[in-house]
Amino acid sequence: MQDLLSQYHSVEPQKVKTWIKVGATSEFPENGGACIKYKTRQIAVFNFKRDSQWYACQNLCPHKLEMVLSRGMTGDSKGIPKVACPLHKKTFSLKDGSNLNGEDYKIAVYPVKIENEIVYIGFTD
Amino acid sequence: MKRVIVVGNGMVGYKFCEKLVTKPQREEYKVIVFGEEPSPAYDRVHLSEYFSGKSAEELLLAPKNWYSDNNIELRTSEMISGIDPENKKVTTYKNEDFEYDYLVLATGSSAFIPPIEGSHIPGVFVYRTTEDLDAIRTFASKLKPEGKNKAAVLGGGLLGLEAANAAKELGMKTSVVEFAPRLMPKQLDEPASKMLQSKIEDLGIHILTNKATIEITGKNAIEKMEFSDGTHLETNMLIISAGIRPRDEVAGNSGIEVGKRGGIKVNNKMQTSAKDVYAIGEAALYNDGIYGLVAPGYNMAEVAVEQITGGTKTMADHIDMSTKLKLIGTDVASFGDPFIENEEVTAINYENKQKGIYKRINVTKDGKKLLGGILIGDASDYNNLFQIYINGMKLPEHPEDLILGFREEGESAMGSVLDLPNTAQICSCESVSKGQICNSISSGECSSMEDIVKLTKASTGCGGCKPMITDLLNESLKSMGKEIKTNLCEHFEFSRQELYDLIKINKVRNFDEALNLFGKGHGCELCKPLLASIFASLNMETANQQVTIQDSNDRFLANIQRNGTYSVVPRVPGGEITPDKLMVIGHVAKKYDLYTKITGGQRIDLFGAELHQLPHIWRELIEGGFESGHAYGKSLRTVKSCVGSSWCRYGMHESVGFAIKIEERYKGLRSPHKLKGGVSGCIRECAEARGKDFGLIAVEGGWNLYVCGNGGATPRHGILLAEQLDDETCIKYLDRFLMYYIRTAAPLTRTAPWLDKLDGGIEYLKKVVIEDSLGIAEELEQDMQDLVNKYECEWKQAIEDPEMMKRFKHFVNSHDSDDNMAFVPMREQKMPKPWVK
Ligand code: SRM
Ligand SMILES: Cc1cc2nc3c(=O)[nH]c(=O)nc-3n(C[C@H](O)[C@H](O)[C@H](O)COP(=O)(O)OP(=O)(O)OC[C@H]3O[C@@H](n4cnc5c(N)ncnc54)[C@H](O)[C@@H]3O)c2cc1C
Ligand code: SF4
Ligand code: FES
C-alpha cells in the first residue's frame, strides 16, 4: 500500500523537468475536476473558472487509498482553494496539499500551466 | 524553566497537557510525557467503536504532531519503572534517568483479573486498550474457520456489557457471566436490571447470573468455565471485565503512599505524599474512592494544572458518578442516588414492559427535590433530570410529569433551559457551566455552536451535552432579540430559507450568479449541493445542468462505493415489478458482473459499476423500461407498499396502486433531505408507513395520513395529520405538506427534526396544510404541479447527450480504467477488497 502513496511527491514549479500535455482546457469541467494518467500515476486536475486558476494533485485519497479525489467537490476555505473527497468529505488544500480538517493526511500537489488552451502538468521525471 | 514530567498518556494525562498549554505561564514549563502504549492518547471511552469501523487514528484525542506543535516532548512506548522522590528523578525501563520539578502520575488503571485458576490460558482477554481489541479480533477471526463461535464475558457491569456487545458484533454467540444475582448491581435496582436483561437478551446475548467462576479449563486454548454450583459453560474465548485496578505499582514501590485496596493517595490539590508529585485520573485515590469515569479525571487534571501554575482551584468533596451509558442498542442511565429508600423519600416508577421502558426517580416526600434516578430504554430525559438533580432545582407541581412524558407542545417538563442556575454544569467532561456559555454569548464573543466549542471546549468529550448547548445558544440569542444565526457556510451569510426566497424572487439562474449576487469566494461542499437542491426545487432542474455544484454522488447520478465504483438503483415504483423487468435487471447485472442485493426500500441495487460503465448499464436499463431511482439524491427515494386489498385478506384499499401513483407523482422531486413514503392496506401496517416522511394507512372510509416519521439514526413514528381522506384530498395535502417542507427546512434536515423545530409543532402544521392559515395552499399546490409536469428522467437525459456523457470517463487523456480498483469473491458474488485498517 505504501508503494502506492510513495509515487506521489509535491512538485515545486521551479523544479519541473517535464511539462506533460494532458488535454485541451475544454475537456476539463468548469469549477470541478477530472483525472489524467501519467506513467503509473493518477493526477486530479481542477479548473477554478471564477478566478482562472488551475490546480493539480494526486487522485489518491490518503485516507482510504482510493483513486477518487478528482470526483470531489471543489471550493475554498477562507480563500484557500480546496477539494473535498467524495468518500468521507475530508478536505485538502490545493495550494500545499495539507489537510484542512486538521488531521495528518496530506496530498501531493503539482504545478499546472495553460498555453494555447492546452493544459500541462509539471513533473520531475 | 521548570520541568514537568507526566507519566501516562491516557485520557487524563492528555487532558493535563491540553489544559497546561492554554495557560499564560505555559512558556515557563518544559513538558515531557511518557506513555507506555505505542500510540498517543486515544479516546478510550469510545474504544468499542474501534470494532464498528473507527480507525485508531480517528480515536486519537490529538494527532501526534499536536504534541510537537505545542512544544511537548511525547515519548510513546516508554514506561517509567521507578521514581526517586528524594532526588526528583524518574527512571525509564531502559534505565535512563530524567529529572523533574513537578511529576504528574496519570497511570490510569488496568483490568482486574480475579484469582481464578486458568486465567492465563490462550483465548482469555481483557478489554482496555486498542491492542486488547486487536488481539480479540484476530483470535475471533481464527476461531471462525474452525467452526468455533462461542464467546463469554466475565462481569455484567457497564464495561462487561459493552464488551459483550462488541463480541456479538464480531459474530460470536456471546454469554455474560455475572456473579451477582443481577446485571449492573451497582447502578440499577432490581426491576431496572430485569428490564435491561430482557433488552440485552433481545439483542441475542445470553445472560447467566448468580454464577461464581472457580476455574477456567482448556488444553491449548480455553474450552470451559467451571462454576461453584457445579455447572459449567463451554466457550471458545473469554473477555474478563471484573472491575479495574489502579496502576499504583511504580508509585507504591517508590515509597509514595498508596491505599490498602490500591490507588495513589491524593488530597484535594491532587498532591501525593511526595513533594511536587501529583496523581490524577483512575490511578488517584481521592476521598477513599477511585473514579472510573473520565469527567472526574478531567477535573483532577484541571486542579493539578492550576496547582502547579500557582492557582488555587481544588477538587470538590463530592464527586458525582452519574452516567449515561452507551450500550449500543439500548438506553441506560443512572444519576444521583439511584437506590435511596427511606421515610423521607418517595420513589416514582414508570414501567412499560411492551416498549421496554423503565424509569424511576427518587423525590423527597415534600415533592421539592430530586435525589436520583434510573432510566432504561429511553434516556432522552437524562440531561434535564440530571440538571434538576445536580442543581437542586425546584420540581414541577406533579413530579411524575418528569418521567411520564406529559407535556405541552414543544415544552420540556423542566421549562426553559434558561431557568437553570448559572452555576449549572452543562458539560461535565470539560466542566463548563451555563454561566460561561451564556456570558460568552451575551458578550458577543460567541454567536454559533462552533464559536462556543472553540472557546470553551464544551461538548468535545462524550458529546452528550450538545443538544443542551444548542438550546442554550438559541434561547439566549432569542432573549437578546437576536436572530438565530443560521448561515449556510462562510460563502453565504443567509439561511437556506432566505436563499430559497432570494433565488426565487431574483430569478437567479445558476450558482455563479448566486455567488456574485449574495455570496463570496468559490463556494464549498456545503453551499454547492444546497443551492443545487434549491435550483432543482424551484425549476425541477436535473443534476445534468450544473454538474459541478452537485454533491459528488449526484454529479455522477450514482452512489459512490467503498472502492470508488458506483451502485445502480432503478426505480421500482411501489416495489411492484414484472417478471420481464426482473429479467432485464438480472441480465444487466450478469453482463456487467455486478453484485446484486434487494434493498431495504423494496427494490434492487446493483453494485460495483465502474464510472465509464454507468451510461452503458443505464442505456440497457432504460431500454428495458426503467428510470433513475434517484437513490443518490436528496430527493424522493421510494414509496413502500404492502400488497393490500388486491390479494391480502385484510386489505381495506388498494395500497400498491396508490403507492405507485404517489411515487410516480413525486419521483425526481429534490428536497432538503431525502424523502420516503409508505402505503399500508390496513392498520397491521406491513409497509411501515409510520416510519416514513409521509405514510398512508387504509382505514374504513379512506386514508389516514401520517407525516414526519423517520427510520435511520433517530427513529420516530409519523404523526397523524388527517383522517379518512379520499385519494384526491390525500394528494392535495401531500402536495402542500411536501412543498411547505421544501420551502422552509434547514439543509439536510429530515421531516421529523424539521417538525421538532417548527414553532407550534404538528398543530401549526395542521393549520397550514388543512386550514390554509397562511393563505398559501393554492400556491403550494401549483408549485408542486409545475414540478410534477417538468419531470424528466435524468439518466435518460444524460445518455442522450454526448456532452453530458463526457463526465463518465475515468481519465481525460486515456481510455484505461482505474487500475487501483480490486474486488474479492464473496459468497457467490464479489465485493471490493477490504480497506487496510
Ligand atoms: C441500499 C440501502 C441498504 C440496503 O442494502 O438495503 C441503503 C444504502 C445506503 N443508505 Fe440507507 N439504504 C437503504 C435503505 C434505508 C432505509 C430503509 C428504508 O428506506 O425503508 C433507511 C431508514 C429509513 C429512513 O430513511 O427513515 C435508511 C437510512 C439511511 C440513513 C439515515 C437517515 C436518517 O434520517 O437518519 C442514511 C444517512 C443519510 O441519509 O444521511 C442512509 C444512507 C445510505 C447510503 C447512501 C450511505 C452512503 O452515503 O453511501 C447507502 C448507499 C448505498 C448505495 O450506494 O446504494 N440511509 N436507508 C437501502 C436502499 C433503499 C433504496 O432502495 O433506495
Ligand atoms: C471500553 C471502555 C469504555 C469506557 N466507557 C466509559 C464511559 O462511557 N464513560 C466514562 O466516563 N468512562 C468510560 N471509561 C473509563 C475511561 O476510559 C477512564 O476513566 C479514563 O480512560 C481514565 O483515564 P486515565 O488517563 O486515568 O487512564 P488511562 O486512559 O488508562 O491512561 C493511563 C495511561 O498510562 C499508561 N501508563 C500506566 N503506567 C505507566 C507507566 N509506568 N509509564 C508510562 N505509562 C504508563 C497506560 O499505558 C495508559 O496508556 C471506559 C473505559 C473502557 C476501557
Ligand atoms: S447501507 Fe446504510 S446502514 Fe448499511 S452500512 Fe451503509 S449507511 Fe450504514
Ligand atoms: S477516502 Fe477520502 S476521505 Fe475517506
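Student: How many nonpolar, polar and charged residues does the lining of the second largest pocket have, by class?

Tutor: That lining has 14 nonpolar, 16 polar and 14 charged residues. Here Ala, Val, Leu, Ile, Met, Phe, Trp, Tyr, Cys and Pro count as nonpolar, Asp, Glu, Lys and Arg as charged, and the others, Gly among them, as polar. Bear in mind that this is a predicted model, where local features need pLDDT of at least 70, side-chain atom pairs count only at pLDDT 80 or more, and totals for chains, interfaces and linings use all residues. Residues are numbered from 1 along each chain as its sequence is written, chains are lettered from A in the order in which they are written, and side-chain values use heavy atoms, with hydrogens and water left out.

Student: What is a pocket, and what is a cavity?

Tutor: Rolling a probe the size of a water molecule over the atoms shows where empty space is left. On a 1 Å grid over the protein atoms alone, a cavity is a set of points where a 1.4 Å probe fits but cannot get out, while a pocket is an open set with protein on both sides within 12 Å along at least five of seven lines; lining residues have an atom within 4 Å of a point. Grid points are joined across faces, edges and corners, and a volume is the space filled by probe spheres set on the points. The second largest pocket holds about 1000 Å³ of space. Closest to its centre, among 44 lining residues, are A:Ser26, A:Phe28, A:Pro29, A:Glu30 and B:Thr548.

Student: Which element gives the largest share of that lining?

Tutor: β2(A) does, with three residues. Helices (H or I, at least four residues) and strands (E, at least two) are DSSP runs, numbered from the N terminus.

Student: How many cavities of 30 Å³ or more does a search of the whole structure find?

Tutor: Eight. The largest cavity has a volume of about 70 Å³, and its lining includes B:Ala536, B:His630 and B:Lys790. By class, that lining has three nonpolar, three polar and five charged residues.

Student: How many residues of chain B are in contact with chain A?

Tutor: Contact means heavy atoms within 4.5 Å. By that rule, 44 residues of chain B touch 47 residues of chain A.

Student: How many salt bridges are there across the interface of chain B and chain A?

Tutor: Side chains of opposite charge can pair when their charged atoms come close. The rule (a side-chain nitrogen of Lys or Arg within 4 Å of a carboxyl oxygen of Asp or Glu) finds four across this interface. One salt bridge joins the side chains of B:Asp512 and A:Arg50 (2.4 Å, N to O). Over all chains, the search finds 55 salt bridges.

Student: Why does the pair of B:Asp512 and A:Arg50 join two chains?

Tutor: B:Asp512 lies in helix α15 of chain B and A:Arg50 in the loop between β3 and β4 (53–58) of chain A, so the pair joins two chains.
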